[in-house]
Amino acid sequence: EDGHSHLWSGAIPNCVSYDPTFSYELAVIVQDGLRRMYAEQEDIYYYLTVMNENYEHPEMPAGAEADILKGMYSFRQGAASNGPRVQLLGSGTIFREVIAAADMLRKDWGVESDLWGCPSFTELAREGQANARWNLLHPTEKQKLSHVESCLKDTRGPVIAATDYVKLFAEQIRAFVPRRYVVLGTDGFGRSDTREKLRHFFEVDRNWVTVAALKALADEGQLDRSKVAEAIAKYGLDVNKPNPMTV
C-alpha cells in the first residue's frame with residue numbers, strides 16, 4: 001500500500017531506486033551497490049522494494065547484467081511474426097502478470113509480445129533526462145539515445161507497462177518511448193485484501209494488461225475494436241466497475 005514511494009525516492013538525487021522481480025536482478029543490484037558504496041565510496045544509498053510472495057525465479061538471460069542496472073533488459077522475445085505485436089514492460093511482482101498476459105495474447109488473440117523487465121523506471125528516467133540535457137547543450141554533435149530508445153528502436157508495436165505503483169512511476173519514461181505508450185498502475189486508496197483481488201481492483205492484472213494491449217493495437221488500426229469488446233467479455237471485466245481512483 002505504498003504505491004507512491006518510488007516517486008518519493010526518485011526525488012532524492014543520490015538515492016538509487018529499484019523494483020526488482022527476480023532474485024537474479026536483486027543479486028546484480030546488491031553486488032553493484034556494494035561496489036559503488038563500499039569500494040568506490042560513492043555518496044549514494046539505495047531503495048529496493050521486494051515482495052513476500054512465493055513464486056518461481058528463472059535463470060537470468062545471458063548478458064543481462066548491465067541492462068538490469070540501467071533499469072530495462074530483454075526478458076523474452078516473442079516468436080518471429082508479421083502479425084500484430086506489442087512490447088510489454090513490467091517491474092516487481094506485477095511483471096509476472098505481464099508475462100502471463102503475453103501468453104494470453106498469443107494463445108487467445110494471435111498477438112506476439114516482447115517482454116522487458118524494468119527494475120528501475122527511475123534510473124531509466126534519470127539517464128534519459130541526462131542524455132536530453134547533453135543533446136540540448138551539444139546540438140551539432142551526434143545526439144545520444146536514451147537506454148529506453150536503444151532497447152525499443154528495433155522493435156515494433158505499442159508499448160504497455162504495468163507496475164505495483166501509481167501510473168506516474170512508469171510514466172517517467174514516456175518522453176523516451178518512441179510510439180504509443182499505455183501505462184497501468186495502482187492509483188487510488190490502499191486496500192487490504194488478497195493480492196489477486198487487489199490486482200483486479202487496481203486494474204493491473206493479466207486480464208487488464210491483455211485488454212490494454214488489444215486496445216492499443218485497435219487504436220493503431222491493427223485489430224478491429226470488436227476484439228477488445230470480445231476480450232472484455234471473455235475475461236469477465238465489468239465495464240461499469242468504478243474507477244479505483246474514486247472509491
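What percentage of the 247 residues of the chain count as buried? The share is 49%, where buried means under 20% relative accessible area with a 1.4 Å probe and protein chains only. This is a predicted model, in which local features need pLDDT of at least 70, side-chain atom pairs count only at pLDDT 80 or more, and totals for chains, interfaces and linings use all residues. Residues are numbered from 1 along each chain as its sequence is written, and side-chain values use heavy atoms, leaving out hydrogens and water.

**View 1. Secondary structure and dimensions of the chain.** Ten helices and seven strands make up the secondary structure (DSSP runs: helices are H or I of at least four residues, strands E of at least two, numbered from the N terminus). The radius of gyration, 18 Å, is close to the 18 Å that the globule rule gives for 247 residues, so the chain is as compact as a globular protein of that length (taken over C-alpha atoms; the rule is 2.2 Å times the number of residues to the power 0.38). Along the principal axes, the C-alpha atoms fill a box of roughly 55 × 45 × 35 Å.

**View 2. Asp32 and its contacts.** Asp32 belongs to helix H2, residues 23-39. Its relative accessibility is 15%, so Asp32 counts as buried. Beyond neighbours within four places in sequence, Asp32 is in contact with Tyr46 and Leu69 (heavy atoms within 4.5 Å).

**View 3. Contacts across the chain.** Of the contacts with a separation of 6 or more, 71% join residues 24 or more positions apart.

Key. Buried means under 20% relative accessible area, exposed over 50%, partly exposed in between (1.4 Å probe, protein chains only).
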